[in-house]
There are 2 protein chains.
Amino acid sequence: MKKSRERAAHTIRNVKMVLEYDGTNYCGFQTQKNGVTIQSVLEKSFAKILGKRVPIIASGRTDAGVHAVGHVFNIKAEFPMDDGRLLMGINSILPGDIAVKSVKTVDKSFHARRDAKWKRYRYVIINSKVPSPLQARTSWRVPVPLDVKKMRDAAKTLVGEHDFRSFMGKRSSVKTTVRNIISLTVKKTGARIVVDVTANGFLKYMVRIIVGTLVEVGKGSLLPGGVKKVLAGKERANAGPTAPPHGLCLVEVGYE
Amino acid sequence: MKKSRERAAHTIRNVKMVLEYDGTNYCGFQTQKNGVTIQSVLEKSFAKILGKRVPIIASGRTDAGVHAVGHVFNIKAEFPMDDGRLLMGINSILPGDIAVKSVKTVDKSFHARRDAKWKRYRYVIINSKVPSPLQARTSWRVPVPLDVKKMRDAAKTLVGEHDFRSFMGKRSSVKTTVRNIISLTVKKTGARIVVDVTANGFLKYMVRIIVGTLVEVGKGSLLPGGVKKVLAGKERANAGPTAPPHGLCLVEVGYE
C-alpha cells in the first residue's frame, strides 16, 4: 500500500499554463455558487483527463466579462501524458472561448499567485460617435471626444508606489491598499485609445476605476492635477466611475 | 397633385454610407428567401425612419460569415433628417453587430456598385497549434506550420490582369472571369498571417480560394510556381480549397 502511494507521488507534476479567454459569457474567473466561471470550466475539463477534480492555482481572478491573453495558473496532478500532448488534449476539451496557450512542467515550488511579481492589463476605449461591431466585445465605446493629452498627464501622477484606496471597489478586504504602478501609458491610434498598466498587484476594480477616472479627465470633468488629490483623499467616491469590464484584458503575468 | 409630387421629389437625397459588421450571425449580405441577411436588416431598419421599405444599392455582396469594416452602399429616399442625425438615428435602430460608420449626401448619379473602382479585402490566418479565443470569430486557424516566404512568392504570380476562372466558385454566371489584382501581400506578425488583396473586382469566393491555395503552398503541398499553372489551367479543381468565411473582411471600396 505504502509503496504504490509512493509510486503515484512520483508522477505528480506541477504544471504552469498560460491561458487566453473571451470572458463575454462567463461570470468571471473564480468559482462561485451561481454562474459558469473560467475556473470551473477549467477544472471540469481537467477532470476529464485526470479522472477527478483537482483545484487549479490561479495567478489571480478577473471580473465577469473581462478577457485574458496571458492569464497564468498552475495545477499539481498526475497527468497521464507529457506537456505537448496535454496542451493538445486540454484544448480539445475546452470550449471555443477558452484556450491554453502553453504548458510547462515547472519546479514543485512554483505557485502562480504567490510567485507573481507583476501583472499587465490593457484597456481599450473606442472614442467614437459610431459603434464598431467588430470591436464591441473587447472595448468600451465613449462617444464624447476625449483629450488624450490630458489623460496622459493624469496617468503620470498615478505611476509609482501609492495608497490606491480611492481606486478600489467596495466590499474588498485586503491587508494593504498600497500598490506600485510600474508603468501606465495612454496611446491613441485613430478612434482607438489603449491604456496599458503594469503594477506589482491590483486592487479590486483598480484598472477599471483608473480608466473611468482618466475618461473623466479626458472629458474635461476632472483636471489632470485633480487625480493627485483623488489619490491623496483615499475616498472611492472622489474617483471616476468603474469602466465596464469588456474593455479590459489581462495581458501578462510576470515571474521575474 | 403634380405640385406636391414635385415638392416631394425635391427632398429625395442620394446618401452614401460606409458600413461595418460582424458577419458571424448572418447568411451573407444580400437578401435571400431564407435566413437573416445584412441587407434585410438594413432595409428593415431604414423603413423605421422612412415609413416604408426602400431598397439599398450595395457595392457588392459578401458571403455568409464574412465581415466588413468598409462596405459601401447608397440609398435614395426622402430622409426626414440631415446626414448627422441620420447617422445617429440609424445606429440607434441597428443591432449591435451592424453599424453605419459614415453618412454623406452625394450626387444623384452616384451608384455604389457601378462606380466602384476597386475593393480591398483582408484575410487573417492564425498559424498556431493552439486556438486564440479572442480572434476566433475573425480568423482561420491553420495548425500546420506555413512557409510565408513561399506564400509570398506564389502571391506575386497572381498580381496583374488574369483570367481567374480557376479561382471562382461554381454556379456563378459572369460576363468575364478576367480581373485585375492591383496588390496582393502576405505579412506575418507572430502567429498572425495577414493576406491583403486589392482588385478592380472579385469573382465569387475568389479571395477565399486564393487564400486556400496560398495555404496549400505554405504547407508545401503545392509549389509557388504551381500557382501560375493553376491560373493558366482555368480549372477550379486545380486550385486549393475555399478558405472559411470568418477569416475574411471587406476593408474598403474605392471610388477614385
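User: How many bridges join β1(A) to β3(A), and do they run parallel or antiparallel?

Analyst: Strand β1 (residues 13–21) of chain A is joined to strand β3 (residues 67–77) of chain A by eight bridges, and the two run antiparallel. Strands here are DSSP runs of E of at least two residues, helices are runs of H or I of at least four, and both are numbered from the N terminus. Two strands pair if DSSP finds at least two bridges between them.

User: Before we continue, what is the basis of the model and its numbering?

Analyst: This is a predicted model, in which local features need pLDDT of at least 70 and side-chain atom pairs count only at pLDDT 80 or more, while totals for chains, interfaces and linings use all residues; side-chain values use heavy atoms, with hydrogens and water left out. Residues are numbered from 1 along each chain as its sequence is written, and chains are lettered from A and ligands numbered from 1 in the order in which they are written.

User: How does β1(A) pair with β4(A)?

Analyst: β1(A) pairs with strand β4 (residues 98–106) of chain A through eight bridges, in the antiparallel sense. In β4(A), A:Ile98 is the bridge partner of A:Tyr21.

User: Which way does β3(A) run against β2(A) and against β10(A)?

Analyst: Strand β2 (residues 57–58) of chain A is antiparallel to β3(A), with two bridges between them, and there A:Ile57 stands opposite A:Asn74. With β10(A), β3(A) also has two bridges, but these strands run parallel. A:Leu250 in β10(A) is the bridge partner of A:Ala68.

User: Is β1(A) mostly covered or open? And why is β3(A) described as largely enclosed?

Analyst: β1(A) is mostly covered, as seven of its nine residues are buried. β3(A) is largely enclosed by the rest of the structure because nine of its eleven residues are buried. Buried means under 20% relative accessible area, exposed means over 50%, and partly exposed lies in between, with a 1.4 Å probe and protein chains only.

User: Turning to the helices, which residues of α3(A) are buried, and what covers them?

Analyst: In helix α3 (residues 83–93) of chain A, the buried residues are A:Leu86, A:Leu87, A:Gly89, A:Ile90 and A:Asn91. Their cover includes β1, α2 (38–50) and β4 of chain A, where contact means heavy atoms within 4.5 Å.

User: At what angle do α4(A) and α5(A) pack?

Analyst: Helix α4 (residues 148–156) of chain A and helix α5 (residues 206–219) of chain A pack at about 135°, and their axes are 8 Å apart. The axes are lines fitted to C-alpha atoms, for helices over the stretch in contact, and angles run from 0 to 180 degrees between N-to-C directions. The two helices are therefore oblique to each other: under 35 degrees counts as roughly parallel, over 145 as roughly antiparallel, 65 to 115 as roughly perpendicular, and the rest as oblique.

User: Which residues meet there?

Analyst: From α4(A), A:Lys150, A:Met151, A:Ala154 and A:Ala155 meet A:Leu214, A:Val215, A:Val217 and A:Gly218 of α5(A). By class, that contact has six nonpolar residues, one polar and one charged. Ala, Val, Leu, Ile, Met, Phe, Trp, Tyr, Cys and Pro count as nonpolar, Asp, Glu, Lys and Arg as charged, and the others, Gly among them, as polar.

User: Now the loops. Where is A:Lys234, and what is its phi?

Analyst: A:Lys234 lies in the loop between α6 (226–233) and β10 (248–254) of chain A. Its phi is positive, about 50°, although A:Lys234 is not a glycine. A:Lys234 counts as partly exposed because its relative accessibility is 41%.

User: And in chain B, where is B:Tyr205?

Analyst: B:Tyr205 is in the loop between β9 (192–199) and α5 of chain B. Its phi is near 65°, a positive value in a residue other than glycine. At 30% relative accessibility, B:Tyr205 counts as partly exposed.

User: Last one: where is B:Gly35?

Analyst: B:Gly35 is in the loop between β1 (13–21) and α2 (38–50) of chain B. The C-alpha atoms of B:Gly35 and B:Asn25 are 9.8 Å apart, with the two residues ten apart along the chain.
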